[in-house]
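Reader: Can you walk me through this one? I'd like the sheet, then the aromatic rings.

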Amino acid sequence: VLPERLQRREAERQQGVERQRQKKEAQVVKEEQSEFFLAAFSREREAVEALLAEGTLEEAATRLQALQKLLTDSVRFLAPYEVRQGQETVARLQGDLAARRQQLQPKKKFAFRALKKEAAPGSAPRPAEPSPPPAPAAPGPGLAEGDSGGPPLCGFSGAQDEELELGPAELLQRDVLLSELRGCRVRLRGNPNTLRVRDCRGCTVLCGPVSTSVLVDGCSDCLLALACQQLRTHRTRACRVYVQVTSRAVIEACTEVSFAPYSWSYPGIERDFESSGLDRNSNNWNLVDDFDWLATDKPSPNWSLIPEQERITCWD
């Protein structure tokens, strides 16, 4: 009996040693992968910054998409703070790219108007010049203003129980802000550059493809349909999000947020996807990083997937 007990104890000891060895090797591989990622990410970031400084925007956009893909493919072995830093860097570069595009847009040509010749003596007097048109009125209630010193943002603010809508011409590569809406249904048919949904309650927001990032902050009891490169959700409760996102979505200080694949459609959406640069075949709708839940062996209780039988298929 004694030799058998010793043999079992020795076998258990050997198994424990083997498990420790495998765990250590896995940790070494993970650290090596993280070091390789950080070096590659730094090189690509510097390359994008240099291209933006030179004004080579198309190549910068292509390299930026590759940088986003590198981050997305590496999330599984990165620490949460490394993921957060990478996403913040990508978002910053996307903002810089949009700003450079706007800066380098050709300005309208200035043309001199021909001066009218003076009337000859004795001829009929020249009619008086028409008075200049009045300055455009300030945006009425419901339109969101941008930061002081910059161009006004496109969007709506402060409306209640209204049907609100913007089309492709109004949205194309614009920064859109929806703020402090209550019980509204918003349709954004087109291709914005960015979208912010802030402090909204009980609203439905349906948006076409967004070229860069979407930020949902301080919202509750909302239904959202969003397509974008990056989705960040902060301080939000009891919202359903139908999303197409090329990176992993991020939630922070959120509860009862549920996700399903993007399914809203409208005439012209394929054209808007082409102008946005989003890859329709890349959708990480079910990959969500909760920055308030660091446990790796248990899923976060703050978000869930909408069961297939409960998903919306008809939006009108």
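This is a predicted model: local features need pLDDT of at least 70, side-chain atom pairs count only at pLDDT 80 or more; totals for chains, interfaces and linings use all residues.

Reader: What is the strand order in the open sheet?

Author: The order is β1-β3-β5-β7-β9-β11-β13, seven strands with parallel pairing. Strands are DSSP runs of E with at least two residues, helices are runs of H or I with at least four, both numbered from the N terminus. Two strands pair if DSSP finds at least two bridges between them.

Reader: Which strands are at the edges?

Author: β1 (154-157) and β13 (288-290), each pairing on one side only.

Reader: Rings now. How many aromatic pairs are there?

Author: Five. Rings of Phe, Tyr and Trp (its six-membered ring) pair if their centres lie within 6.5 Å; planes under 30 degrees apart are stacked, over 60 edge-to-face, the rest tilted. One of the pairs is Tyr242 with Trp315: the centres are 5.0 Å apart and the planes at 85°, so it is edge-to-face. Tyr242 lies in strand β10 (residues 237-245) and Trp315 in the segment after β14 (303-305), so the pair ties together parts 73 residues apart in sequence.

Reader: Is Tyr242 buried or exposed?

Author: Tyr242 is buried, at 1% relative accessible area. Buried means under 20%, exposed over 50%, partly exposed in between (1.4 Å probe, protein chains only). Trp315 is also buried, at 9%.

Notes: Residues are numbered from 1 along each chain as its sequence is written. Side-chain values use heavy atoms; hydrogens and water are left out.
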